[in-house]
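Please keep the sequence and the model in view while reading.

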Amino acid sequence: MDKLSLLGVIVAISGIIGGQLLEGGSVSVLLQLAAFLIVLGGTVGAVMLQHPINVFLSGVKMARWAFVTPVIDEQSLVQQISGWGSIARKDGILALEMQLKKVEDPFVYKGLQLLVDGNSAEKIREILQIDMHGYETLHWQSARVWESAAGYAPTIGILGAVLGLVHVMQSLGEPAKLGAGIAVAFIATIYGVGSANLLFLPIAGKLKILIEKQMNLREMLVDGLCMIANAENPHFIENKLKGYYANGTQT
């Protein structure tokens, strides 16, 4: 659980509610089901229209990364690759076949299998970079799902406010209700602008950071496997790969 993300949501919502209370307003005024449905339904529909189904579903699934981040452990992978280098140097590349049983990540498994099969460093890099390109493309598009939502939500919120004002105009014969009706009409705008800037854009930004870290991890793996294929010294492999997280990208 990413406690900072959870705390950020709590602080943001608390700030809005706290400001509303300090102004003498009521929290119940902010709770309008009709406005919520207009903004949510309109935003989701627009995003679904823009993106292919696989990208949309991937973006929805990835949203949990903002609060439950995937494990990205560069140090453990460096130690693992260095260990493979030691085994290959001592017992030969084929001895790494026993290590396949310990690998759970499909990308790592594929890379190690290519190494065990006797492929050259150039072939290993060529094949794995194709996988990396496909992975990066899908996940960047998935992150943009939330950017799209942030773009549509404020406009849908304005649409909801206009619909609310239309309803108010139908009640001009009851002046006592006009003030409250106009206030409620603008709640949709609050939902649209608030969700875009307090939720959708931050989620998109967090996903992009995590995708960059995952790509960094995969590039490190490819470099390590290629160095093992070229029979580099395990200590050299370890020292070189440490540069991937020595600049503070480690999580």
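## Salt bridges and a helix pair

Glu147 is partly exposed, with a relative accessibility of 30%, where partly exposed lies between buried (under 20% relative accessible area) and exposed (over 50%), computed with a 1.4 Å probe on protein chains only. The model is predicted, and local features need pLDDT of at least 70, side-chain atom pairs count only at pLDDT 80 or more, and totals for chains, interfaces and linings use all residues. Residues are numbered from 1 along each chain as its sequence is written, and side-chain values use heavy atoms, with hydrogens and water left out.

The structure holds five salt bridges, a salt bridge being a side-chain nitrogen of Lys or Arg within 4 Å of a carboxyl oxygen of Asp or Glu. Among them are these pairs:

| Pair | N to O distance |
|---|---|
| Lys206 and Asp2 | 3.0 Å |
| Asp131 and Lys110 | 2.8 Å |
| Lys208 and Glu147 | 2.4 Å |

Lys208 lies in helix α8 and Glu147 in helix α6, so this pair ties together parts 61 residues apart in sequence; helices here are DSSP runs (H or I, at least four residues), numbered from the N terminus. Asp2 counts as buried at 16% relative accessibility, whereas Asp131 is partly exposed at 27% and Lys110 is partly exposed at 32%.

The axes of helix α4 (residues 74-91) and helix α8 (residues 187-229) come within 10 Å and cross at roughly 10°, the axes being lines fitted to C-alpha atoms over the stretch in contact, with angles running from 0 to 180 degrees between N-to-C directions. That makes α4 roughly parallel to α8, a term for angles under 35 degrees.

Definitions and conventions
Helices (H or I, at least four residues) and strands (E, at least two) are DSSP runs, numbered from the N terminus. Angles under 35 degrees count as roughly parallel, over 145 as roughly antiparallel, 65 to 115 as roughly perpendicular and the rest as oblique.
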